[in-house]
Structure formats: C-alpha cells, structure tokens
Amino acid sequence: MRPQTIAILALLGCGVALTTCTRSRSGDAATTSPQSLSDPVLSAYIDTIRAVDNHTHVNTVVPGDSEFDALPLDALLPFPLPGRLRPDNPDWIAAYRALYDYPHTDLSEPHLAELRGTMQKAARDHGEKFPEWVLDRIGTETMLANRIAMGPGLAPPRFRWVSYVDALMLPLSTKTEAGATPDRQKLYPLEEKLLKRYLADLHLDRVPATLDAYLTTVVTPTLERQRQGGCVAVKFEAAYLRPLDFDEAPIEAAQSVYSRYANGGEPSRAEYKTLEDFLFRYIAREAGRLGMAVHIHSFEGAGAFYQAAGSDPLLLEPAFNDPGLRGTNFVIVHGGGMYAPHAGAMIAKPNVYLDISALTLIYTPATLAGTLRNWLLQYPEKVLFGSDASAFGPDAGWELTAWIGTTSGRQALSIALSEMMRNGEMSRTRAQEIATMVMRTNAVQLYKLPLK
C-alpha cells in the first residue's frame with residue numbers, strides 16, 4: 001500500500017528512536033525500546049543481514065518521477081493517516097539522523113532549510129547512484145520496485161521490477177465500475193490510461209474485437225514484454241477497485257461479455273466481474289508460465305471509501321486452490337493487515353507467500369512481532385520482509401520510509417524470535433536461520449535471485 005502523499009514539515013520536539021509501548025508487570029503502561037524486548041546478540045545478528053525488500057515504490061533519480069504507482073493515492077479525497085505515518089511521529093527525525101546525520105531534534109524552519117541543503121547535496125553527489133547509496137545506508141541488498149516502468153538509478157541487480165497488471169483486466173468501458181465509490185471514480189481512469197499505454201507499446205490503438213484475440217495479441221505479449229524487461233513479479237492492486245473474490249468463470253461466459261461490449265456500451269457490474277474473474281486467472285497463469293510471481297494487495301486501506309472487507313485474503317482461496325494455477329507463486333502483500341490470521345491460513349498452500357510491507361510502517365515493532373510470531377511458528381519459509389518504501393513529499397523521499405520500514409521490520413523480527421527463544425520454542429541457531437530466511441533467502445529462492 002502506498003499511503004497518501006503528505007509533506008513532513010512540522011516535526012517539533014520529537015525524539016530520535018523507534019519506540020513502542022508495552023505493559024509493566026504491575027499493569028501500568030510503560031514505554032520501552034524494542035531493544036529491551038529483544039535478545040541483544042540476536043538483534044545484532046539481524047542488523048547484519050543484507051535484506052531483500054519484497055515491496056517498495058522507490059523513485060528514479062528523474063525529478064518529478066510519477067511512475068512509482070499505477071494508482072497514486074494522492075489523487076483521492078483526503079483520508080486520515082495511521083498514527084505512525086503522521087508528521088509528529090519521532091521515526092521521521094530518526095530517519096533523517098540515520099541517513100543524513102541530522103543533528104537536531106526538531107524541524108524548525110532554519111533546521112529544515114539546513115536539512116534540505118544536506119539532502120540536495122547527497123542527491124547531487126551520488127547522481128544515478130543515489131538509490132544504491134540509500135540501500136547501502138539501510139543494509140538492503142536488493143529492492144523490488146513496484147513501478148509502471150523502471151528508470152535511471154534503478155538498475156539490476158540492486159533493483160528488480162514488479163509491474164502492474166490490473167489494467168489488463170479492464171479492456172471494456174469502466175464507467176459503471178467507477179461509479180461505485182468516489183475513490184473509484186478517480187482510480188479507474190488511471191487504469192484506462194495505463195491500458196492505452198500497454199496497447200501503444202504493442203502498436204495498437206484499441207482492443208481487438210474478440211476475447212481470444214485480446215488474450216493472444218495484448219495480454220500475453222504485454223506480460224512477455226515485461227518479463228523480457230526484467231520483471232520478477234506482477235502486481236494486482238485490485239482491492240482498490242473490487243473485492244478479491246476472483247471466482248472461476250467459464251471462457252464462454254467471458255467471451256460473451258467481451259464481444260458484446262468490445263465496440264462500445266456499458267457492461268453491468270455482474271458482467272464485468274465475470275470477465276475480470278476470467279482474466280485474473282488467465283494473467284496469473286501466464287505470469288507463472290513466464291516465471292513471474294503474482295503480488296496481491298491485501299490490507300484495510302487506503303482511501304476514504306476503501307472497502308476493507310473486499311481485501312480479505314480468504315476471498316482468494318478459490319484461486320489459490322485452482323489446479324491450473326499451481327504453477328504460479330502468489331504473494332499476499334502487506335500480510336492481509338487486519339486479516340493477518342487469514343493470510344496465515346493461506347500460506348499453508350504450497351504456492352502462497354506473504355510479506356510484512358506496510359505493517360513495518362504502520363504497526364509498532366512489538367505489535368508486528370505478535371503477528372510475525374504466529375506465522376513463524378508455522379511456515380517461516382513463506383514469510384518475506386518488505387518495507388513499502390514510498391515518497392511522502394519533497395522533504396520525505398522514499399529513502400526515509402525505507403529506513404523506517406527496514407529498521408522497524410528488523411526490530412519486530414528480533415522481538416518475535418527472542419520471545420520464541422525465551423519460551424524454548426527454538427534455539428538461537430534456529431532463530432538466526434529464520435531471521436536470515438525472512439530478511440533475505442526466502443525471497444532469493446522465490447525469485448531465483450543470483451544472491452547467496
């Protein structure tokens with residue numbers, strides 16, 4: 001999830017360390033650092049792991065880069081941000097200090113001007129190597145970049161592409177679909193624009209007249225182009241547009257809907273669902289054939305009219321159980337959020353994984369540790385680290401949330417595994433193995449990255 005873009009301008013009187021609230025033995029609230037909940041040796045070990053970040057919206061070094069998301073949420077009506085993403089959170093100054101050696105504990109105008117100068121100098125000094133400089137500062141080996149297209153500064157092997165494919169499910173008019181909520185009125189035109197771009201890449205000015213032709217001359221060639229361009233996965237943001245209940249749809253029914261409206265007219269929502277259901281499974285199957293994983297947004301937001309019930313990963317179970325899709329690996333992105341136990345149930349399936357992106361920014365380390373613990377007790381080989389690094393305005397680029405998400409994720413993992421060690425549920429050696437799996441090697445194996 002990419003949160004609504006905001007400017008970080010007024011962090012006054014904030015501290016400089018990630019903290020979390022826990023309970024003292026007497027039951028009174030007590031503020032403690034994540035380190036007090038972690039085994040220090042294990043925590044130090046986790047800090048040395050060169051991470052693979054499963055989910056980011058990293059920017060290129062091109063000024064005004066706008067291809068970091070197919071559905072940039074700053075186009076939506078205003079909506080409240082979670083507490084940890086608000087301007088008064090001390091994590092922001094902690095990030096400025098870690099990345100830019102910021103010496104102050106506030107962002108008064110003189111200090112902010114000084115900070116801007118430091119950030120601009122870093123960008124100039126490093127040029128196209130600035131994104132790699134950030135990765136080295138935060139201890140990340142490789143970032144998966146959710147983007148419409150890659151660009152300057154985001155070269156492999158340090159950056160790997162995850163493309164967007166929702167637009168391929170929407171070859172017909174979406175005016176009726178867009179009318180469902182005020183948010184969707186903003187989002188569906190963005191998908192229409194992206195589909196036109198995909199068509200232009202194939203030297204087409206409109207969709208073909210039949211579904212069969214659409215599949216063979218648009219969908220499959222687009223996925224093949226993306227794979228040839230370095231894609232390791234494709235991304236569905238579908239929960240912003242409709243529920244995740246992608247049922248099995250007969251090709252004959254999908255063909256009928258497509259042919260009826262390919263030349264104009266407005267399909268009903270029921271008709272469009274039939275076509276989308278078919279196309280989702282076709283795209284997922286083709287992605288698997290081409291060696292790309294399928295990432296699916298599953299979280300209770302964002303947006304003022306987002307329908308949280310539609311993001312429940314249990315809705316995906318029919319697709320996950322489809323024998324024709326067992327050759328495709330799926331990743332539940334953001335761990336399902338409020339539906340984390342449901343996501344945990346889905347990773348029992350042989351081709352389903354999940355990541356902790358966004359949770360690393362929205363949850364405290366202690367809260368995320370509780371969620372992680374349940375997953376790691378059962379299927380540690382299915383859990384991936386992710387930050388959801390995103391730009392939050394001119395004074396808070398993606399590198400700030402990359403640091404916050406990475407730091408918080410490492411702390412949460414340390415807290416969870418330390419508790420499991422204290423409870424006798426695993427040895428220190430096993431805890432270190434699992435930490436390495438989550439932060440690095442699970443993703444290396446899933447995406448067949450040339451890393452040890």
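Colleague: Are F246 and F280 buried or exposed?

Modeller: Both are buried, meaning under 20% relative accessible area, with exposed being over 50% and partly exposed in between (1.4 Å probe, protein chains only). Keep in mind that this is a predicted model, where local features need pLDDT of at least 70, side-chain atom pairs count only at pLDDT 80 or more, and totals for chains, interfaces and linings use all residues. Residues are numbered from 1 along each chain as its sequence is written, and side-chain values use heavy atoms, leaving out hydrogens and water.

Colleague: How many aromatic pairs does a search of the whole structure find?

Modeller: Rings of Phe, Tyr and Trp (its six-membered ring) pair if their centres lie within 6.5 Å; planes under 30 degrees apart are stacked, over 60 edge-to-face, and the rest tilted. Here the search turns up 10 pairs. Take Y240 and Y306: their planes are at 70 degrees and their centres 5.2 Å apart, so that pair is edge-to-face. Y240 is buried at 5% relative accessible area, and Y306 is buried too, at 15%.

Colleague: And how are the planes of F246 and F280 arranged?

Modeller: Those two are stacked, with 5 degrees between the planes and 3.9 Å centre to centre. F280 belongs to helix α9 (residues 269–289) and F246 to the loop between β6 and α8, so the pair ties together parts 34 residues apart in sequence. Helices (H or I, at least four residues) and strands (E, at least two) are DSSP runs, numbered from the N terminus.

Colleague: Which residues form one aromatic cluster?

Modeller: That's Y100, F130 and W133.
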